[in-house]
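Please look at the model shown below before reading on.

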Amino acid sequence: SPTKWHLAHTSWFFEAVVLAPMVGGYRPWDARCHYLFNSYYESLGPRQPRPQRGMITRPAAAEILQYRAHVDRAVLELLAGADGQRAATLIELGLQHEQQHQELLLTDIKHALSLNPYDPVYTATIAPTAATAVPFAWCDFPGGEVQIGHAGDGFAYDNEQPRHAALLRPYQLANRLTTCGEYLAFIADGGYRRPELWLSDGWAAVNAAGWQAPLYWREEDRGAWSLYTLHGRHPLDPAQPVCHLSFYEAAAYAAWAGARLPTEFEWEAAVADQPPAGRFLDPRWLQPRAATPGPGLLQAFGDAWEWTRSSYDPYPGFRPLPGAVGEYNGKFMVGQLVLRGGSCVSPPGHLRASYRNFFPPAARWQFSGLRLARDL
């Protein structure tokens, strides 16, 4: 989606979900915004078709900033009034929703700029000092009965609840994310030409789209690859985590490596005692970085989203929230796969161990990578 659509949509969310139902006589900035900037809320009326968002030329960006200022003033007045406490939960949801769009905005900008043969630079920067990949190792986990889902402290989305028990067999996770250098070996070994490594739908996607490498990779000379980033095109760094993979590519690589992808429950149990700290959004370098040497599980949060082998399903006892916000997560619980851990463009402070991201298995424009797993 275009950049100004993200700004307008997050403003619309506060207007449609918070202000309109809670402020008597609320007057919208422009009623036409309700059609243009509704994303997928069927209960809130018709909307601009998603494939046509790029055709929106009006309102102009300056007018959208005025729209946002109008919404901000109204939200602050609501918070200061008698209904402020009652509105706080929905306002917090709106703020968390906006953080998600801060990440989506950058991934959409990257995709749009990548289509230009001039390889535009979104922001100039000095790349981190080249690093050597941390040696690959397996980390053991005992399995058993574990508790999954949000524990009840602080904000969480409805799809992280209810907290429930899951039974895990003993398993191992790779100590770090899979690197570009390791994925290059998969390519060199004919990974994109070997149907035995791919799920059926994945093999169909490879052939239909002509995939030969992750999104934004380009072979300049035989064996010499470059990568398009928000800082322009750079030579591929073999120590950096591979990203912009579909689930199909992640699963094929895992099969080639003699391993598998972790389930979301294995991932959450492994990181449950870790603080959600990692390399999140930093405008100076909007790319995953090589792991920093250390013991145990590295890069659990940040750098690149980790595809899991888990379908995006409701937890036992899940109930959508009442009203329009019930459409936020529950309606997408079919045909999608769960990703965990966040990325280098996730806002700091937004993630937690129970956080569930989800995308269709063929999606590649997100900063999505992988961590290997296997049975112990």
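**Around Trp217**

Apart from neighbours within four places in sequence, Trp217 is in contact with Cys180, Tyr183, Leu184, Ile187, Trp225, Ser226, Leu227, Leu236 and Val242, where contact means heavy atoms within 4.5 Å. The model is predicted, with local features needing pLDDT of at least 70 and side-chain atom pairs counting only at pLDDT 80 or more, while totals for chains, interfaces and linings use all residues. Residues are numbered from 1 along each chain as its sequence is written, and side-chain values use heavy atoms, with hydrogens and water left out.

Trp217 also belongs to the largest nonpolar core, which has 88 residues; Phe37, Tyr183, Phe186 and Trp217 are those with the most contacts inside this core. Helix H1 (residues 3-22) provides the largest share of the core, ten residues. A second, separate core of ten residues includes Ile109, Leu177, Cys243 and Ala304. Such a core is a set of buried Ala, Val, Leu, Ile, Met, Phe, Trp, Tyr and Cys residues joined through side-chain atoms within 4.5 Å; buried means under 20% relative accessible area, exposed over 50% and partly exposed in between, with a 1.4 Å probe and protein chains only. Helices (H or I, at least four residues) and strands (E, at least two) are DSSP runs, numbered from the N terminus.

The largest pocket holds about 1,100 Å³ of space, and of its 40 lining residues Tyr40, Arg50, Leu104, Phe359 and Trp365 are the closest to its centre. Helix H4 (84-114) gives the most to this lining, with nine residues. On a 1 Å grid over the protein atoms alone, a pocket is an open set of points where a 1.4 Å probe fits, with protein on both sides within 12 Å along at least five of seven lines, and lining residues have an atom within 4 Å of a point. Grid points are joined across faces, edges and corners, and a volume is the space filled by probe spheres set on the points.

The second largest pocket has about 560 Å³ of space. Among its 26 lining residues, Ile187, Gln212, Ala213, Glu219 and Trp225 lie nearest its centre.

The peptide bond from Arg58 to Pro59 is cis, with omega near 5°, and the bond from Gln161 to Pro162 is cis, with omega near -5°. His244, although not a glycine, has a positive phi of about 60°; His244 is buried, with a relative accessible area of 1%.
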